[in-house]
Amino acid sequence: MATPASRSTRRPAAGPVGPVDLRSDTVTRPTAAMRRAMAAAEVGDDHYGEDPSVRALEEYAADLLGHEKAVFVPSGTMGNFVALRASAAVGTEIIADTEAHIVTYEMGGLAALGGIQTRTIPGLADTAELADVAAAIRSHSIGGNYNMVRTSVLAVENTAARAGGRVWSPARLDQFRDLAAAAGIALHCDGARLWNAAVAGAVEPRRLAEPFTTLSVCLSKGLGAPVGSLVICDAGRVDEVRQWRRRLGGAMRQAGVLAAAGLHALHHHVERLVEDHRRAAELAALLANAAPGRVDPKQVETNMVLVEVADAGRFAHRAAEQGVLVGAISPTILRIVTHLDVDDAGIHHAGSVLADLLRAEPAAA
Ligand SMILES: Cc1ncc(COP(=O)(O)O)c(C=O)c1O
């Protein structure tokens with residue numbers, strides 16, 4: 001039987017001998033080195049601003065991303081909420097992509113807890129015309145107008161998760177910065193996977209962060225930390241961010257144990273994302289070869305592969321029976337995500353199982 005110590009450093013089995021979990025890059029477990037950093041962390045009461053490890057993480061992240069302030073929060077969902085709420089008053093609206101995480105997967109928190117409505121536009125990252133985005137922003141002054149809701153924030157997601165980890169070009173980000181500035185509204189980035197976007201585009205993370213008023217960046221996705229995200233903002237918004245974090249129950253105490261994992265992740269797990277991207281590209285090429293028309297390798301820019309199947313739930317179930325876990329993001333679309341805990345052997349095993357299942361599918365229309 002595993003002792004507590006052996007359990008604490010165990011890695012998930014990859015490859016033919018155990019399940020290969022490709023549902024998400026959130027399934028990673030802390031590495032032994034990360035656990036050592038956590039165990040050695042200096043801690044204090046973060047709610048009093050006295051946790052040295054949290055402070056170190058916040059200062060490091062703010063500097064890395066070229067903004068004045070960073071606030072450690074438990075999750076990306078909370079990060080998005082508190083950042084957006086710091087710019088969006090009750091009764092205003094946020095413009096986001098139709099498929100955005102803040103619209104799809106955050107339990108309607110902006111409306112339920114924030115009193116904010118969302119207005120969605122498809123293809124914000126690439127196909128939406130800038131003129132249409134500009135026209136959607138309702139930035140009139142309220143004076144004398146008692147009808148029309150006011151837009152307070154334009155929200156971007158980089159990488160775009162439901163689009164299969166697509167990367168925003170820096171040029172498009174700059175165009176959105178200019179749109180938001182011209183309208184006098186804030187520009188927010190859900191940068192849960194900003195690190196993947198930076199590595200894929202061979203640009204510094206701060207270049208991708210520069211256009212934004214606020215960002216939420218995650219440490220617990222591809223970077224492999226067990227918990228934690230950071231809200232990046234200016235000094236003028238940081239009090240509001242901290243107040244909302246507290247209001248939601250997100251102010252923590254000896255959180256340095258978690259912050260140490262986050263710092264370790266930022267120091268050691270960003271550059272290696274290139275390996276996840278390579279494995280995703282290899283898997284996409286293999287699956288496209290096995291089942292032409294079901295996978296488009298050209299769309300694979302980071303660590304996600306989207307696959308079209310007849311019945312995504314049934315396909316995922318059959319793959320699981322053969323030790324490969326994949327996610328269904330719609331009735332007919334599978335999402336496969338590479339990450340820190342999957343090696344080449346795991347990808348080869350998954351590739352052969354998934355390719356066989358795809359070959360058994362009816363041909364793509
Ligand atoms: C793009 C994106 N934003 C935000 C989140 C929310 O992060 P969390 O699960 O830490 O709340 C996720 C989660 O996977 C995500 O993919």
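This report describes the surroundings of the ligand and the salt bridges in a predicted model.

The shell around the ligand consists of Ser 75, Gly 76, Thr 77, Asn 80, His 101, Glu 106, Glu 157, Asp 190, Ala 192, Arg 193 and Lys 221, and by class these divide into 1 nonpolar, 5 polar and 5 charged residues. Helix H4, which spans residues 76–87, gives the largest share of this shell, with 3 residues. Oxygen atoms of the ligand lie 2.9 Å from a backbone N or O atom of Gly 76, 2.8 Å from a side-chain N or O atom of Arg 193, and 2.9 Å from a side-chain N or O atom of Lys 221. Of the 390 Å² of accessible area that the ligand has on its own, the protein covers 82%.

| Pair | Closest N to O distance |
|---|---|
| Asp 25 and Arg 193 | 2.8 Å |
| Arg 272 and Asp 276 | 2.6 Å |

Arg 193, which also belongs to the ligand shell, forms its salt bridge with Asp 25, and this pair links distant parts of the chain, 168 residues apart, with Asp 25 in the loop between strand E1 and helix H2 and Arg 193 in the loop between strand E6 and helix H9. Asp 25 counts as buried because its relative accessibility is 0%, and Arg 193 is likewise buried, at 7%. A network of salt bridges joins Asp 174, Arg 177, Asp 178, Arg 207 and Glu 210.

Technical notes:
Residues numbered from 1 in each chain as written. Predicted model: local features only at pLDDT ≥ 70, side-chain atom pairs only at ≥ 80, totals over all residues. Heavy atoms only, no water. Near = heavy atom within 4 Å. Polar contact = N/O pair within 3.5 Å; in protein donor to acceptor, adjacent residues only side chain to side chain. Areas by Shrake-Rupley, 256 points an atom, 1.4 Å probe, with all protein chains shown as cover. Helix = DSSP H or I, 4+ residues; strand = E, 2+ residues; numbered from the N terminus. Nonpolar A, V, L, I, M, F, W, Y, C, P; charged D, E, K, R; others polar. Salt bridge = Lys/Arg side-chain N within 4 Å of Asp/Glu carboxyl O. Buried < 20%, exposed > 50% of the residue type's maximum accessible area, 1.4 Å probe, protein only.
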